[in-house]
Amino acid sequence: MQKNRAAHALRLRTMNVELNKYFKKMVINSLSTQQVNHLGGLADRNFNLSREAGYGPSMPVPRQTAAQTLIDYFGKNEEDIVGLFSILLNREGERFYNRELAIWGRDEFIALLKKNKWIYDGEVRRFLLDPFYEHEINFLKKIRLLDLRKEIDIKGIVGEIESVSKKMGMQDLEWRVSLRLYDLDSKSSELIRKIIGLLLTRQNLQLFTSDLFVCLKELAINASKANYKLLFNKHVTRPKGITADNNYREFLEMFRNEIDESGNKNLLELAKKDDRYITITFQSTLDSLDIWVTNNQGVTTVEKTQILKKISPGPSHNSDSFFNDDDDLVEGAGMGLNLILRILGNYSSEPQPLKVVFYPESLKIGFQLQRRELMEKLKERME
């Protein structure tokens, strides 16, 4: 485990050096000294270029020195460099302090960030880190992906899991199970709960089964509903001239009426017709337990902004026109997310434990619980 952590730490350090090196080059080629000072001040009001560089107030700071000073101040954290670049990206083509901003090497830096799992979404104008990695596992190979879109032998699968789990010891911490389905029903819910329970029991973490199942279930329900809305938009409201983009309130009212009248019966048929499914992934690594849900299509801008308001509220978002509260749209996304956040608050020290990433053709949302914190919580409960 120590070797694994050391390798991970080395990868992060190497990545940080690479990002800092390229960002410094970008700053030198894109910004004047005054613009560097302006950028630093937008990110941190306490930043003062002359003071940080050791120059007097009236002394000009060379461009190279200005760029290095910015990196020295912000470059310790990868998130801060991404934040600086986001400021530049969102103001490109506009007047930035004393001249129009043009970013040298922007596409190359976006590609470098993507390589390191930072994904930019132009609709919400933010970079989001994708923390959900599929680690290789050395057993449970036959059930690594369960496709519930078709009829399968659930009883047989549960029996196989029971058989394999009996041979697992505390040292067998690495495994992953993914389930592909259109929507949760009683059978798939029972299977998911059984899988979580069996696997956690072998790690003496069975006390967390119910809470983790609730979180996973709520994520799956939200993901299915997001798919249903896009399908409803495509097949039902768009032919009538109403779309989620041009009149979301009317669209949402029609969608709510569909749910009230028919439940998900008609929507499920549309999902099967277009093969719009979700994938639930439950993963155990040496250091953590990870749960995430992936849609196989994107979601609307309204859905994105509602999700972000739920999982990462704060003053920085309230001033953004994308994040104005609107009670009429609350159902648009996030139902159940508050429940998940309350549960995760009991097990994670992270201020924002629920993570989301928007890809052009998919969405990932989920969380990672550190094994160390779970064991501490377990000791508390046992005392």
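Angles between helices run from 0 to 180 degrees between N-to-C directions, and the axes are lines fitted to C-alpha atoms over the stretch in contact. The model discussed here is a predicted one.

Q: Are helix H9 and helix H14 roughly parallel or roughly antiparallel to each other?
A: Helix H9 covers residues 209-237 and helix H14 covers residues 337-344, and the two pack with their axes 9 Å apart at an angle of about 155 degrees. Angles over 145 degrees count as roughly antiparallel. The two helices, H9 and H14, are therefore roughly antiparallel.

Q: What is the handedness of the crossing of H9 and H14?
A: Besides the angle of about 155 degrees at which H9 and H14 pack, their crossing has a handedness. For H9 and H14, the crossing is left-handed.

Q: How many of the residues in the contact of H9 with H14 are nonpolar?
A: From H9, the residues Asp211, Val214, Cys215, Glu218, Leu219 and Asn222 take part, and they meet Leu337, Leu339, Ile340, Ile343 and Leu344 of H14. Among the residues of this contact, one is polar and two are charged, while the number that are nonpolar is eight.

Q: Which loop holds tyrosine 97?
A: Tyrosine 97 is not a glycine, and yet its phi is positive, at about 65 degrees. As for its place in the chain, tyrosine 97 lies in the loop between strand S1 (95-96) and strand S2 (99-100).

Q: Does arginine 125 count as buried, partly exposed or exposed, and what is its relative accessibility?
A: Arginine 125, found in the loop between strand S3 (118-121) and strand S4 (126-129), also has a positive phi, near 55 degrees. Buried means under 20% relative accessible area and exposed means over 50%, with partly exposed in between. Arginine 125 therefore counts as partly exposed, with a relative accessibility of 29%.

Q: What percentage of the residues of the chain count as buried?
A: The chain is made up of 383 residues, and its elements include 15 helices and 10 strands. Of those 383 residues, the share that count as buried is 49%.

Note on methods
Residues numbered from 1 in each chain as written. Predicted model: local features only at pLDDT ≥ 70, side-chain atom pairs only at ≥ 80, totals over all residues. Heavy atoms only, no water. Helix = DSSP H or I, 4+ residues; strand = E, 2+ residues; numbered from the N terminus. Parallel < 35°, antiparallel > 145°, perpendicular 65-115°, else oblique. Left-handed = near helix turned anticlockwise from the far one by under 90°. Contact = heavy atoms within 4.5 Å. Nonpolar A, V, L, I, M, F, W, Y, C, P; charged D, E, K, R; others polar. Buried < 20%, exposed > 50% of the residue type's maximum accessible area, 1.4 Å probe, protein only.
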